[in-house]
2 protein chains.
Amino acid sequence: MKEQLAFLLEIDKLKSVVRKSPLIDRTRRENSAEHSWHLAMYALILADTANAPVNIDRVIRMLLIHDIVEIDAGDHPIHEPTQAGVQEQLEQLAAERLFSLLPEEHGKVLMSLWREFEAGETADAAFAKSLDRMQPLLHNIATGGGTWVEAGLSRDQVVARYGPAISAGSTTLWNEAEKLVEAHFERPAVL
Amino acid sequence: MKEQLAFLLEIDKLKSVVRKSPLIDRTRRENSAEHSWHLAMYALILADTANAPVNIDRVIRMLLIHDIVEIDAGDHPIHEPTQAGVQEQLEQLAAERLFSLLPEEHGKVLMSLWREFEAGETADAAFAKSLDRMQPLLHNIATGGGTWVEAGLSRDQVVARYGPAISAGSTTLWNEAEKLVEAHFERPAVL
C-alpha cells in the first residue's frame, strides 16, 4: 500500500509539466496531466473511428500513463528540434524510475503498456498516438493557429507533421482534420 | 463526428474549474480536469483495495466524467455549506446540456454512468467515490493540512467527513487513511 500511495503522490508532478499547446480559451498553456485526461476522453468518445478493432479500455489506460515520463524528461514539443536519441533515453530512465516505485508486478505491467504506446505498432497504440496528435491540432485550429503560428509553419508542414500519425490510427479522424487544416490555412480564424 | 468534436472542445473548460485542494508542491490549487486524471490513475493503481469486486475500467470511465458537470455548476467544496438541492439541480442541468452535445445513444450511456456515480450505490460507484475522497485527503496531509487548516477542522470533523465515503468503497484505504489522519493531528507535518 505504501508503494502505491508513494507513486500516486509522485505523479502529482505531471500537473506542473507545461506543454506548448494552448487551452481553447487561450488563458494559459495546457499541462500534461489535464492533457492526459482530455486524451482519455477522446478515446472514450471517438472509439468507433479507429482503423482497426481496438480495446478502448487499454487505449484509455495507455493515454493515462503515456506522458508521466515527462515528470523527469520534460515535454518535447513536436515543433522543436531534438538530438536524436537523447529524449528517448531520458524517457526510458524516467519510466524505469517511476514504474519501479510500484510493487514489481504492477510496475512491469505499466512499463510494458508504456513501451507499447511508444512503439506505436499495435492497433491500440496506433490509435492512442493518433488521438495524441489530433487533440493539439484541434486546439491550434480553435485558437487561430496556436503553436503553428509560434513556429511559423506552412500548411504543408502541418500536414506532414500530423497526417501520418493521425491517419495511421484513424483515417476517419485524419479526413476530418485535413478539412479543418485546409479551411484554417485558407482563412485562419477561431472555430 | 462534428458532435463528438464539439463535445471534446467544450469539455476543455474543465481545465479552468479550480478546486480547493492544493497541488502537493503547494504552487497552486488543483483544477478538476487534472484531478480527474489523477483519480483515474488512483483507480488503476488501487484496484485491488476495493471492498467488493469492481470493473476497474468502468470505475476509470466514471472518474473521467464525474466532474464535467462542474463546467456549468462549479466545484462544490466539501467543507463549505450548501443549500440543499441547489447544487444537485445545477449539476443535473449541466449533465443534460453537456451529454446532449453528443449523438443521442452515446450521450445516454454517459448520462447513465454519471448518475450511477452520483448515486454511489453500485460497487463501481462506491469505489469511485472512495477514491474521490481519498485523493484530497492525501493532498491535505502531504501539505501540512491544506483545506483542513483553511476550514479550521478538528480530527473528529475530518474523520466524520472522509471516513464514511472512503470506507464504503474500501475499508483497506480507510484503515490506511485513518492512520495518516491520526499521525497528522498528533503532529501536523509534511509527509
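In this predicted model, helix α2(B) passes helix α7(B) in a right-handed crossing. Helix α2 covers residues 32–46 of chain B, helix α7 covers residues 123–142 of chain B, and their axes come within 10 Å and cross at roughly 110 degrees. Because angles of 65 to 115 degrees count as roughly perpendicular, α2(B) is roughly perpendicular to α7(B).

The residues that meet here can be listed from each side. From α2(B) come B:His35, B:His38, B:Leu39, B:Tyr42, B:Ala43 and B:Leu46, and from α7(B) come B:Phe127, B:Leu131, B:Asp132, B:Met134, B:Gln135, B:Leu138 and B:His139. Sorted by class, the residues of the contact of α2(B) with α7(B) are eight nonpolar, four polar and one charged.

| Helix pair | Axes come within | Crossing angle |
|---|---|---|
| α2(B) and α7(B) | 10 Å | roughly 110 degrees |
| α7(B) and α9(B) | 7 Å | roughly 135 degrees |
| α7(B) and α10(B) | 11 Å | roughly 20 degrees |

Helix α9 spans residues 155–169 of chain B. The helices α7(B) and α9(B) are oblique to each other, and α7(B) passes α9(B) in a left-handed crossing. On the side of α7(B), the contact is made by B:Ala126, B:Phe127, B:Ser130, B:Arg133, B:Met134, B:Leu137 and B:Asn140; on the side of α9(B), it is made by B:Arg161, B:Tyr162, B:Ala165, B:Ile166, B:Ala168 and B:Gly169. This contact of α7(B) with α9(B) holds eight nonpolar, three polar and two charged residues.

Helix α10 spans residues 171–186 of chain B, and its axis crosses that of α7(B) at roughly 20 degrees. Since angles under 35 degrees count as roughly parallel, α7(B) is roughly parallel to α10(B). The crossing of α7(B) past α10(B) is left-handed. B:Phe127, B:Ser130, B:Leu131, B:Met134, B:Leu137, B:Leu138 and B:Ile141 of α7(B) meet B:Leu173, B:Trp174, B:Ala177, B:Leu180, B:Val181 and B:His184 of α10(B). The contact of α7(B) with α10(B) comprises 11 nonpolar and two polar residues, with no charged residues.

Attention now turns to the relation between the chains. Chain B is superposed on chain A by a rotation of 180 degrees with 0.0 Å of shift along its axis, at an RMSD of 0.0 Å. That is the relation of a two-fold axis. The same surface serves both copies, for 100% of the contact residues of chain B recur in chain A.

In the interface itself, 49 residues of chain B are in contact with 50 residues of chain A. The area buried between chain B and chain A is about 4,300 Å², and carbon and sulfur atoms give 71% of that area. Three residues, B:Lys15, B:Trp37 and B:Ile45, supply 18% of the area that chain B buries against chain A, which is more than any other three residues.

Methods: Residues are numbered from 1 along each chain as its sequence is written. Chains are lettered from A and ligands numbered from 1 in the order in which they are written. This is a predicted model: local features need pLDDT of at least 70, side-chain atom pairs count only at pLDDT 80 or more; totals for chains, interfaces and linings use all residues. Side-chain values use heavy atoms; hydrogens and water are left out. Copies are superposed by least squares on the C-alpha atoms of residues with pLDDT of at least 70 in both. Contact means heavy atoms within 4.5 Å. Axes are lines fitted to C-alpha atoms, for helices over the stretch in contact, and angles run from 0 to 180 degrees between N-to-C directions. Helices (H or I, at least four residues) and strands (E, at least two) are DSSP runs, numbered from the N terminus. Angles under 35 degrees count as roughly parallel, over 145 as roughly antiparallel, 65 to 115 as roughly perpendicular and the rest as oblique. A crossing is left-handed if the near helix is turned anticlockwise from the far one by less than a right angle, and right-handed if clockwise. Ala, Val, Leu, Ile, Met, Phe, Trp, Tyr, Cys and Pro count as nonpolar, Asp, Glu, Lys and Arg as charged, and the others, Gly among them, as polar. Buried area is the accessible area (1.4 Å probe) that two parts lose on being put together, summed over both.
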